[in-house]
Structures are given as structure tokens and as C-alpha cells.
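The stops below come in order, each with something to select and something to look for.

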Amino acid sequence: MGKAILLAMADASASSSGTKRHHGLVRLTHWLNAALLLGMIGSGLQIYGAYSHFGPRGDPYPLANPWDGHGFPKWARLGGWLAGGLNWHFALAWPFVITGLVYLVFLALSGEWRSLLFRPRDLRSAWQMQLYYLRLRREHPPQGKHNALQKLAYTSIVLLGVVATLSGFAIYKPVQLAWLTALFGGYELARYWHFVTVWVFVAFTLVHVILVFAVDPPSLRAMITGWYRGRFPSHD
Amino acid sequence: MTEPREGINRRDFLRLGLVAGPAGLVAACGWDGGPVLSSKLRSFSRVNDWVGEKVWLSGDRLAREYPISARTAVERFPAYSITFNKTGGYPGLERPDAWALEVKGLVRKPTRLTLPMIQMLPRLTYTVKHHCVEGWTAIGTWTGVPLSSIAAMVEPTPEARYIRFDTYDSGYYNGWDLASAMHPQTILAYAWNDQPLMINHGAPLRLYSPIKLGYKLTKYLTAMTFTRDRPGGYWEDQGYPWFAGL
């Protein structure tokens, strides 16, 4: 898959029509992140199965967990057993965090953050966009590279990545990073929040993929080749 | 000038990649990585061991202590041992009264310590949280002698980098880095919740520290050996992370 993406990137320079939408670094980190996140979740579900409860031993917290007492099916797990899951998780964590940092540094240096960061002034157009989606507004509101709801989604998912990473460190080093663990409400709660981020990631990804295919299929091509040929032109 | 291409063109290749990539990842699930990848992962785990010792570990940062009221109920505090896993019974000593801890290896003054000798040394008691690799926690009170006092007694040579701990629990053994072993909260414990250590918790003497995962806290001790080379460990040899510092 990596080779295909690289080929597609090379292909992009030969494309004649459409507008350039995504920098090569954004496309690379996007697909790397997708694969790494899948590995982090699979190995995480493997680790969860070793003790499928939250709270101290024998004294579960009153926290919502539909998977209490249940491991996950083999197809959803990576690592084969607890040690394997841990080794995958702690190995993939490096490229996962590095990919995220490379992406954020790129956004900061290139100025791209402006088209992605949701700010208070986007609230009004987010509402207009919501009306459009609910068919209460006829025309698609004018937008830049991304509409206000997309900005909200892409800002939230970066924050989710930060929460997932920090809660991971909080349960990895609860003594050396005791302040961080305390910030999440202690070890048992940090472990719970770390688990919750999985389901927010899964929900985000499902909606993200559904919207790509249902609303704007050419955006998939844009995330591969960099060139966008769809019906939502940027007003930037 | 265009020439007909043979085989698949770029676009087909791209489509193939889009299908094959996720399909490959899905097929990879429920998988341990195979002999090649899982051994690579275990080698990579050494990097995390190094970072754990050299970057994360602080020699003087203490784990939080809890009030006695926070203790986990006795019957809810899990206790694992290899012998119990295999036979359903606890490991036994042929002559419990003859037990002594052998302290040897790269030390100037190797020694044998009986339980009364150990109990005469200045003791440390703390109530701390126990973290199991499985994900559960439990709080208990431990009493013992700081490992650093034993080290001061036997005087390790400068080449000593690790300590190997041996047990009478079906070959269970373990290795520690010296930095973690010399942490002020790392003790050789002989009491739990104000009572003499029970057999399920590793009597007569076990290693304890709130700065490592439970599988590093070796029970049923018989010997500790200062070494230059890194000792393995019962679980670590099977793939569990070696450093396991918290």
C-alpha cells in the first residue's frame, strides 16, 4: 500500500486538471496514521483482554463499559497474547507519535493550520453548514478549503490524538509521570479514558469514511494524489 | 509518443493498493507478527527498556503512599505463582527452617542472610499501589529492608550492572537494572499488611517496589546475584517487556 501511495504521489505531478489540495507530507502522514492507528487499536484491544474491567481489582468503578468482562474477537486483536500486544503497542507508539508531531509541525510551519483550526468565529458558519446538511438551507454555504464543520472535526480529532497519547503515557508511567496520571483522575480512570478514545476514533473514522463516499468521493483521490477534481471548490 | 503498457498501469496499481492494503491489515489481526516480526518487536522492546531506565526513571522520585484505609481487602488482592499455575499448590521448601538468602556475584563480601538477620536491619514500611501488567491495581502495605542496604553490606564491584533474583517457584527468576534496584522504595519484603508474608505472597521473602510491574516483584527468593550481563526472566524470556518500570 505504501508503494501505491508513493506512485500516486509521483502521478500527481503529471495530473493536468483539478486543484492541488494536499501536500505530499499531509497525504503521507494521513495514510501512515490510518495504518498505525489500526495497529494501536488492535494491540490495545489485545491488552485490554488481560483484565477486561476498570477500577481496582475486584471493585469495578461504576463506569459505562459495554465490554466489561468480555475480551475482543481474534480478528480485532493484534499480538496473539498479552506480551505480543504490549510489544506491538509500545513499538507502534513511536511512529504513531512521531507521525502526529510531523503533521502538526507541518501545519504550523506551512500556515495550513489556518484552514483546519476551528476557532470561535467559525461557530456561525458551522451552524449554517449544519442547516445545509439538515436540508434546512438550500445552498451549500461558501467555504474555504474546508467548511466549518470539517474544521471542527479535524481540530477535534487532533485533540483526541493528544488525549489518547497523554492518557497512554499516564498508564505507561504512573509513577514517573504521576502528575499526568493525576490529571486524568488516577491510574484506573486514565486507563478508562485511554479506552474511551478508541471508540471515539472508531466513530470518527466511520463517519469520516461514510462522508467521503456519500458526499465527496473525489476527496479520496485528493488524499491519494493531492489533486482535487470534485464539486466543492475552495473559495480561498 | 505513447506506447501501450504491459501488465498493470499505475492507476490499476493504485486501485490494487487501495484494496490490498486494508485487506492485508485486516488479515494481520489476531496475529502475533509471526516468528520474524515478533522477534523484531522483542528486539525493539530493548529500545523501550533503555529509554525506561535512562530517560524515564528518576532515582529519587517516590511512588505515592496511601493511607491504610485504602488497602485492598485481603481476599481481593490477587497472588500469582508459577507453581500454583501448574499444580494448584504453593511452592514448598524442603526445610523451611534452613532457608537463607544467598547474596553473591560481583560483590566483595558475598553473604548468606537468614530471616532473623534480615529482620534486624533497619526496616521500611509503606502502603502503595500494585500495578499488574494485566491492567488491574491493588493497594497493600509492605514491610522490608531496602535493597540498597543489602548492597551496601556486600559491596558490589564497579562492573556490577544488574541483579538476578532466583526463587524456589518452579524456576521463576528475574533480572533488574541496578538503578531500579537501588531506588529507595525497592525492598526485600517479609511482611504484608502488618502480618508475616503469607505463602501466596511469596514467603519467606520477596522483592517489592511500587516502581515496577508485578511480574518484576519476584516472590519466594532464594538468591540474588550481581552480574555484568543482563539476566533474562521467566516471563521476559517469553516476550514480556524486560524493564517494566512504572
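How many residues does helix α8 of chain A have, and how far does the helix reach from its first C-alpha to its last? Select residues 187–215 of chain A: α8(A) has 29 residues and reaches 41 Å. That is close to the 42 Å expected at 1.5 Å a residue, where the expected span is 1.5 Å times one less than the number of residues. Helices (DSSP H or I, at least four residues) and strands (DSSP E, at least two) are numbered from the N terminus.

**Ground rules**

This is a predicted model: local features need pLDDT of at least 70, side-chain atom pairs count only at pLDDT 80 or more, and totals for chains, interfaces and linings use all residues. Residues are numbered from 1 along each chain as its sequence is written, while chains are lettered from A and ligands numbered from 1 in the order in which they are written.

The predictor gives the complex an ipTM of 0.86 and a pTM of 0.87. Colour chain B by pLDDT, the predictor's confidence in each residue from 0 to 100. The chain B average is 89, and 88% of its residues score at least 70. Now select residues 1–8 of chain B. Here pLDDT stays under 50, and the model has two contacts for this stretch beyond four places in sequence. A contact means C-beta atoms, placed from the backbone, within 7 Å. Where pLDDT is low, the predicted coordinates should not be read in detail.

**Chain A and its helix α8**

Buried means 20 or more other C-beta atoms within 10 Å of the residue's own, exposed means 12 or fewer, and partly exposed lies in between, with C-beta atoms placed from the backbone.

Go back to α8(A). Its buried residues include Y187(A), L189(A), Y192(A) and F195(A). Bring chain B back into view. The buried residues of α8(A) pack against α2 (24–48), α6 (148–172) and α7 (178–183) of chain A, together with β3 (124–131) and β4 (137–146) of chain B.

**Strand β1 of chain B**

Select residues 101–105 of chain B. L101(B), V103(B) and G105(B) form the covered face of β1(B); E102(B) and K104(B) form the uncovered one. Which strands pair with β1(B)? Pairing requires at least two DSSP bridges. β2 (111–113) pairs antiparallel over three bridges, with E102(B) opposite R112(B). A hairpin of five residues joins β1(B) to β2(B). β10 (221–227) pairs parallel over four bridges, with F226(B) as the bridge partner of G105(B).

**Loops of chain B**

Select A70(B), in the loop between α2 (34–56) and α3 (82–87). A70(B) is partly exposed because it has 14 C-beta neighbours inside 10 Å. A70(B) touches T127(B) and I139(B), leaving out residues up to four places away in sequence. The C-alpha atoms of A70(B) and I139(B) are 6.7 Å apart, across 69 residues of chain.

Finish with the backbone. Most residues other than glycine have a negative phi, and most peptide bonds are trans.

- A203(B) and P204(B) are joined by a cis peptide bond, omega about 5°. P204(B) is in the loop between β8 (195–196) and β9 (206–208).
- E155(B) has a positive phi of about 55°, in the loop between α5 (147–154) and β5 (162–167).
- S170(B) has a positive phi of about 50°, in the loop between β5 and β6 (173–177).
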